[in-house]
Amino acid sequence: MLLLCSDRITDALLEKLGDKNWKIRKEGLEEVTAILNEAKFITGNLGGLPEALKHRLSDSNKLLVTTTLGILKILGNASGAHCKRHIPALASPLISMFGDSKVRTHPCDDSHSLLTTIASM
């Protein structure tokens, strides 16, 4: 199934991802995960999603950061070469996570897989 993300990534969903309440942000990330899991392939038009995910990589709630890493992995695998145009927005905050000395927030196998996926494109 080919997913046109611009149809499913609405302004309301992007607002959830930027909400002050972490529970609302978590709900938004769960919605994004559900949308992406429904699709096998994703087109390159992601609307404002990459920018919203960029901010979630530096979220104060580390559970949300981990969820965001999982979403980026799904995006990288499902969108293939379409992902390239979003790398400049996402690479810097992702790479800066490697400097985090906290075990819970240090990138795990998921981010390594994500970087491997991006590098292979």
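In which loop is N45 found? In this predicted model, in which local features need pLDDT of at least 70, side-chain atom pairs count only at pLDDT 80 or more and totals for chains, interfaces and linings use all residues, N45 is found in the loop between β2 (41–42) and α4. Residues are numbered from 1 along each chain as its sequence is written, and side-chain values use heavy atoms, with hydrogens and water left out.

The chain contains seven helices and two strands, where helices (H or I, at least four residues) and strands (E, at least two) are DSSP runs numbered from the N terminus. Read from the N terminus on, the elements follow the order β-α-α-α-β-α-α-α-α. Of the 121 residues in the chain, 38% are buried, a term that means under 20% relative accessible area, whereas exposed means over 50% and partly exposed lies in between (1.4 Å probe, protein chains only). Among the contacts (heavy atoms within 4.5 Å) with a separation of 6 or more, 70% are accounted for by residues 24 or more positions apart.

N45 counts as partly exposed because its relative accessibility is 39%, and its C-alpha atom is separated by 9.9 Å from that of I9, 36 residues apart along the chain. G80, which lies in the loop between α5 (62–79) and α6, also counts as partly exposed, at 23% relative accessibility. The C-alpha atoms of G80 and F41 are 8.1 Å apart, while the two residues are 39 apart in sequence.

Two packed helices are described by the angle between their axes and the distance between the axes. Helix α4 (residues 49–56) and helix α6 (residues 87–96) pack at an angle of about 10°, with their axes 9 Å apart; axes here are lines fitted to C-alpha atoms, for helices over the stretch in contact, and angles run from 0 to 180 degrees between N-to-C directions. Helix α4 is therefore roughly parallel to α6, since angles under 35 degrees count as roughly parallel, over 145 as roughly antiparallel, 65 to 115 as roughly perpendicular and the rest as oblique. The contact is made by P50, L53 and K54 of α4 together with A89, L90 and P93 of α6.

In α6, the buried residues are L90, P93 and L94. Seen down the axis of α6, these buried residues fall within an arc of 105°, so they line one face of the helix, the arc being that of the directions from the helix axis to the C-beta atoms. On the other side of α6, P88, S92 and S96 are exposed.
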